[in-house]
Each structure stands twice: as structure tokens, then as C-alpha cells.
Amino acid sequence: MQEKGLLIVLSGPSGVGKGTVRKEIFSQPDTMFEYSVSATTRLPREGEVNGVDYFFKTREEFEKMIQEDRLLEFAEYVGNYYGTPVDYVRETLDAGKDVFLEIEVQGASQVRKKFPEGLFIFLAPPSLSELENRIVTRGTETEEIVKSRMKAAREEIEMMKLYDYVVENDQVELACERINSIVVAEHCRRERVQYRYKKMLEVD
Ligand SMILES: Nc1nc2c(ncn2[C@@H]2O[C@H](COP(=O)(O)OP(=O)(O)O)[C@@H](O)[C@H]2O)c(=O)[nH]1
Ligand SMILES: Nc1ncnc2c1ncn2[C@@H]1O[C@H](COP(=O)(O)OP(=O)(O)O)[C@@H](O)[C@H]1O
């Protein structure tokens, strides 16, 4: 039997830098993970490619995916659906590869229920004021939305206690290094190493 890959879930409050950290991890030539491309009903931004950044869907198409149980999790976020296609995740894990999800906190809670053996990493801001700075400087939100995001962020930060690890995103490179180290350590701790030795003993 093929040893299974590890499901890695990176989550955290809006504006903390999940997308930025994920893109940095996947821009490294020696990245150790397979990225699970999400489906969404939001419109593509300039430069975004269907099937690479997201699978862009209409609301009808997305709702059909929900009905057919083709999503591992989904959430409605600022008026749009976002979800993780389940087949890719299962097939890739079964092939022994590690799958990386970058999703908001509601979705992460759903994944926790279905994949309790996953590795859940919470990306945390250095402070609430720095989080607000990031949301404001990103420039995609009105003042009113920034306020509601900050209110939601306080509740989202409360959820960090449900995660296996908390990584501070003070500097993007450092956050990526911490995430990579956690995954390496996790593999040593879990059955992957033991499995290799078990195989070795079976052969001898
Ligand atoms: N639950 C869930 N959230 C997702 C998924 N894909 C992306 N997200 C989250 O959706 C939020 C909005 O993403 P996006 O529209 O790309 O804008 P961003 O805020 O610039 O990252 C971010 O918090 C993402 O982490 C998914 O498949 N499921
Ligand atoms: N470590 C960091 N230091 C300073 N700014 C950051 C850092 N990480 C991300 N940012 C900035 O914060 C803003 C929000 O990041 P983004 O990746 O869109 O967050 P999220 O995906 O969590 O909503 C962006 O303008 C991004 O450039």
C-alpha cells in the first residue's frame, strides 16, 4: 500500500498574508507540496488564469458542485463562494504527495472535521494594528469593509486555539521557512519515517 501524503491547511484572518505566503512557498523551485486550486464564483482579477489561480465558476456551476458533493469544504466569503475540489485532494494524497490548502477559517473548520489527521497551521499577524494596516494598504476595501473585516478578524483570531501550529507572519520569508520546517518535523513525527523502516524490515 502507498503511504499517504499529508494534508496541510494554511488559514488565518483576512489580510494576514495567506495568499502572499502561499505564493512565495510555491514560487520556490524546491517546493515540497502540491497546491490544491480552489473553485470560486468571484470574477478573475487581471492576470489570473483559470485552472491556475482558481477554477472560475458561475453560481449555478458552483451550486451543482455542492449538490454533487464534489467539494471537500466551501464557504461564502464577501458575497462569493470558495471551495476545495475533493477529487484532486484525495487522488494526490493517495499518490503519496502532500497537498497544500490556503483557505479562510470557516472552510478550515470543515476540513478539520473530515480530515482530523491533517496539519492545521494558523497564520497570525504581529498585531491587530498591523493587520489593519495590511488590509488598508492592500487597497481593495472601502473603509466600511475594513471595519467589518477587523471585527471578523478578532473572532477569527480566537479560533487559533483549534490549530496545531501558529505561525507569525512578521516577514514573508520567515513565515515560509517556519511553515516548511513544521512540515518537515511533522513528517518525522508521523508514520512516514516509521513506514519506511517497516518496509525495510519486511524486505530483510
Ligand atoms: N473556504 C475556502 N476559502 C478559500 C478557498 N480559496 C481561497 N479561499 C479564501 O478566500 C479568501 C478570499 O480570497 P481571494 O478572493 O483570492 O482574495 P484575497 O483576500 O486577496 O486572498 C481568502 O481568505 C482565501 O484564503 C477555498 O477553496 N475555500
Ligand atoms: N509579512 C508581511 N509584511 C508586510 N505586509 C505583508 C506581509 N504579508 C502580506 N503582506 C501584505 O498584506 C496584504 C494582505 O495580504 P494577502 O496575502 O492578500 O492576505 P490574505 O490572503 O490573508 O487575505 C497585502 O497587501 C500583502 O502584500
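Author: Let us begin with pairing: two strands pair if DSSP finds at least two bridges between them. The model is a predicted one, and every value discussed here is computed from it.

Reader: What makes β3 and β6 a pair?

Author: Strand β3 (residues 39-40) and strand β6 (residues 80-85) are joined by two bridges. The definition asks for at least two, so β3 and β6 count as paired. The two strands run antiparallel, and Thr 40 has Tyr 82 of β6 as its bridge partner.

Reader: Which sheet holds this pair, and why are β4 and β5 called edge strands?

Author: The sheet is open, has four strands in the order β4-β3-β6-β5, and shows mixed pairing. Strands β4 (55-56) and β5 (71-77) each have a single partner strand, so one side of each lacks a neighbour in the sheet. Helix α3 (residues 86-94) lies across β5 and β6, at about 25 degrees to β6.

Reader: How do you know that β8 and β9 are paired, and in which sense do they run?

Author: Four bridges connect β8 and β9, in the parallel sense. The definition requires at least two bridges, so β8 and β9 qualify as a pair. Leu 123, for instance, has Val 167 in β9 as its bridge partner. These strands belong to an open sheet of five strands, ordered β2-β7-β1-β8-β9, with parallel pairing. Its edge strands are β2 and β9 (165-168), each of which pairs on one side only.

Reader: Which residues touch the most other members of the largest nonpolar core?

Author: That core contains 37 residues, and those touching the most other members are Ile 8, Val 9, Leu 10, Leu 101, Ile 121 and Leu 123. Strand β8 (residues 119-124) gives the most to the core, with six residues. Leaving aside neighbours within four places in sequence, Ile 121 has contacts that include Ile 8, Val 9, Leu 10, Tyr 163 and Ile 182.

Reader: Why is Phe 115 called partly exposed?

Author: Phe 115 has 19 C-beta neighbours inside 10 Å. A buried residue needs 20 or more and an exposed one has 12 or fewer, so Phe 115 falls in between and is partly exposed. Phe 115 sits in the loop between α4 and β8. Its C-alpha atom is 9.5 Å from that of Leu 72, although 43 residues separate the two in sequence.

Reader: Why does Asp 30 receive the label exposed?

Author: Asp 30 has 5 other C-beta atoms within 10 Å. Asp 30 is found in the loop between α1 and β2 (34-35).

Reader: What makes the phi angles of Asp 69 and Val 78 worth noting?

Author: Most residues other than glycine have a negative phi. Phi of Asp 69 is near 60 degrees, a positive value, and phi of Val 78 is near 45 degrees, also positive. Asp 69 lies in the loop between α2 (59-67) and β5, while Val 78 is in the loop between β5 and β6.

Reader: Are these two residues buried, partly exposed or exposed?

Author: Asp 69 has 8 other C-beta atoms within 10 Å and is therefore exposed, the limit being 12 or fewer.

Reader: Which residues are closest to ligand 2?

Author: Ligand 2 is surrounded by 14 residues, the closest being Gly 17, Lys 18, Gly 19, Thr 20 and Arg 134. Elements α1 (18-27) and α5 (128-138) give two or more residues to this shell. Its residues comprise two nonpolar, eight polar and four charged.

How values were computed: Residues numbered from 1 in each chain as written. Chains lettered and ligands numbered in written order. Predicted model: local features only at pLDDT ≥ 70, side-chain atom pairs only at ≥ 80, totals over all residues. Contact = placed C-beta atoms within 7 Å. Axes fitted to C-alpha atoms, helices over the stretch in contact; angles between N-to-C directions. Near = placed C-beta within 6 Å. Nonpolar A, V, L, I, M, F, W, Y, C, P; charged D, E, K, R; others polar. Core = buried A, V, L, I, M, F, W, Y, C linked by C-beta atoms within 7 Å.
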